[in-house]
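Please open the model in your viewer and follow the selections below in order.

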Amino acid sequence: MWHSLFEKTSEKKQGLKYTFIIIESLVFLLPLFVLFYIFHQRDISLDSSHLILLAMIILLILSGLVILRHVFESFSSFGELIKKAAEDGQTVSWDIRKDVAELEEISTSFMQYMEKFEKVTEDLSRKTSELKVLKELAESVGKTLDIDALLNIILNKALELKRAKMGSVFIVDHAGRQLRLAGNRGIDSLVKNSLISIDRSLLRHVVTEGRSLIVKDIENDPRTLKKNDPRYGAPSFLSMPVFAGNELIAILTLANKENGEVFDASDEEILSIMLTETGFALENALLHSRAEEHLKEIEERNVTLEQEIAERKRAENKLINALRELEEAKDMVVQSEKFAAIGQLTAGVAHEILNPVNIIAMELQMLLGMKNISPEVHEELNVCMDQIDRIVVIAQNLKQLSRIPVKKTVMADINNVIAHVLALYATQFRIEEIETEAHYQPDLPEIAMDKEKIEQVIINLITNAMAAMDWKEAKRLRIKTERESLHQNKDEIKIMIADNGTGITSEHMSKIFDPFFTTKGQGKGTGLGLSISYGIVHDHGGTIWAENNEWGGASFYVRIPVKTDIDNARKGD
């Protein structure tokens with residue numbers, strides 16, 4: 001029986017030997033090929049410590065294969081010895097117990113080797129997983145410049161890396177001695193952006209010392225001595241300082257590892273590597289955050305500065321308006337004094353002139369009634385009568401300057417007043433080929449005015465405009481009304497009457513409202529139209545002025561205050 005058994009064993013010896021060599025080769029080479037392929041595909045680089053670990057694993061694999069080879073050779077020798085003894089008919093002469101003990105020792109060594117191999121394989125798997133997490137972290141942190149988002153990415157990867165179920169990351173406010181929660185996982189009692197005092201927190205040790213805090217038992221650690229909350233799982237936690245450059249910006253805390261494991265120095269080491277790898281990204285994010293804050297501060301300062309400038313401009317405009325009103329008031333006072341002085345003078349002069357003029361007019365009427373005068377003399381007498389009529393008009397205007405006007409105030413629409421005057425001039429406009437443009441602002445309120453006096457102002461201004469365009473081939477008259485809201489909630493109606501005539505010279509601009517001042521030829525104007533208009537507008541509490549146009553000619557402007565509560569005023573057309 002033994003002889004038959006070992007003959008079969010001998011026949012298969014060579015085949016088993018070569019088969020075992022092939023298996024050894026596959027056991028050694030195939031995992032290496034797979035491992036290097038994974039590293040290549042995921043672009044994983046190994047540092048010196050990882051290379052040493054990999055070399056140890058390879059040595060352990062080779063040692064195991066050598067032991068297996070030795071076991072195989074022992075069994076092979078054992079079979080050869082039995083075969084030889086069977087062929088010679090001899091009894092086996094070795095101490096079977098010694099060989100059995102040797103095989104038991106080999107088996108024990110092999111089991112220890114397998115345990116070490118499993119542990120090293122587990123360590124290698126963990127290191128590979130850590131490398132993968134670090135690689136993913138390096139790719140993720142480069143995609144954002146938001147400091148809160150970046151810290152949350154670090155928190156997620158740290159939890160994955162150390163297989164922890166709970167974690168938080170706080171941003172350090174050194175000036176306010178506070179910690180602001182940027183993110184947390186598995187801790188429902190914490191709310192994002194909530195604040196806690198540094199001095200009342202266990203994390204004060206990390207802030208003060210600038211290094212990690214490893215607590216294996218929160219209840220017995222002299223730095224904590226705090227009862228463990230069952231909601232947080234195991235009583236061990238790890239807090240790591242997060243630096244951007246040399247500045248402590250945040251604190252990362254992990255707790256409740258899987259299977260109730262405690263945190264140790266190896267956890268601190270791998271997390272330190274992770275935080276070192278993200279330091280540059282954190283520094284960039286911090287600089288970007290501070291740049292945004294600085295930009296926002298500049299924008300706020302710009303807004304404040306713009307508001308201050310606008311306020312100063314408003315104050316400046318108020319001052320300019322006040323000075324303009326003061327200048328206008330001064331001009332009114334001067335003009336009023338002129339009118340008062342001239343009125344006193346002309347009141348008597350006009351009366352004295354009209355008496356002899358009336359006598360002369362009567363004598364001329366008698367001479368014109370005679371039948372024996374020649375046509376030539378009759379024509380000369382008519383010329384004299386015309387001049388007498390002109391003297392009478394001038395005298396009446398002079399008397400009007402000195403007369404205290406009696407107002408007939410009514411409520412009227414300024415647009416209707418101007419339209420009525422334009423209708424009176426329609427035929428003359430057509431004869432003189434004057435193009436008119438009238439732009440009335442709709443829905444203007446009716447205002448209290450002496451309607452006849454305001455019509456006289458419009459007539460005087462249109463008459464002057466027509467005279468200024470007398471030499472032009474293309475004559476254009478523009479009239480516009482609008483409502484203006486001035487300072488102190490004072491509303492006024494503004495009237496513009498513009499022409500494209502000769503304009504007003506700078507030396508004449510300050511004299512145009514003076515009595516008897518005229519630029520018309522001899523016998524074509526009394527020089528009283530604008531001064532009378534000035535007085536009428538002034539009596540209504542308004543202002544009148546003139547400006548030259550950029551496109552030629554001059555524009556006269558009249559402002560009349562909007563008054564709708566005049567006592568005893570009645571509605572006008």
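Begin by selecting Ile 154, Lys 157, Ala 158, Leu 161 and Lys 162 in helix H4, which meet Asp 267, Ile 270, Leu 271, Met 274 and Leu 275 in H6 (contact means heavy atoms within 4.5 Å; helices, H or I of at least four residues, and strands, E of at least two, are DSSP runs numbered from the N terminus). The residues of this contact divide into seven nonpolar, no polar and three charged, where Ala, Val, Leu, Ile, Met, Phe, Trp, Tyr, Cys and Pro count as nonpolar, Asp, Glu, Lys and Arg as charged, and the others, Gly among them, as polar. This is a predicted model, in which local features need pLDDT of at least 70 and side-chain atom pairs count only at pLDDT 80 or more, while totals for chains, interfaces and linings use all residues. Residues are numbered from 1 along each chain as its sequence is written, and side-chain values use heavy atoms, with hydrogens and water left out.

Next, select the six strands of the open sheet, ordered S3-S2-S1-S6-S5-S4 with antiparallel pairing (two strands pair if DSSP finds at least two bridges between them). Strand S3 (195–197) and strand S4 (213–215) stand at the edges with a single partner strand each, so one side of each lacks a neighbour in the sheet. From one strand to the next, the twist averages 25 degrees.

Finally, show the helices again with the sheet: H4 packs on it, touching S1, S2, S5 and S6, whereas H6 lies across S4, S5 and S6, running at about 25 degrees to S5.

Terms used. Axes fitted to C-alpha atoms, helices over the stretch in contact; angles between N-to-C directions.
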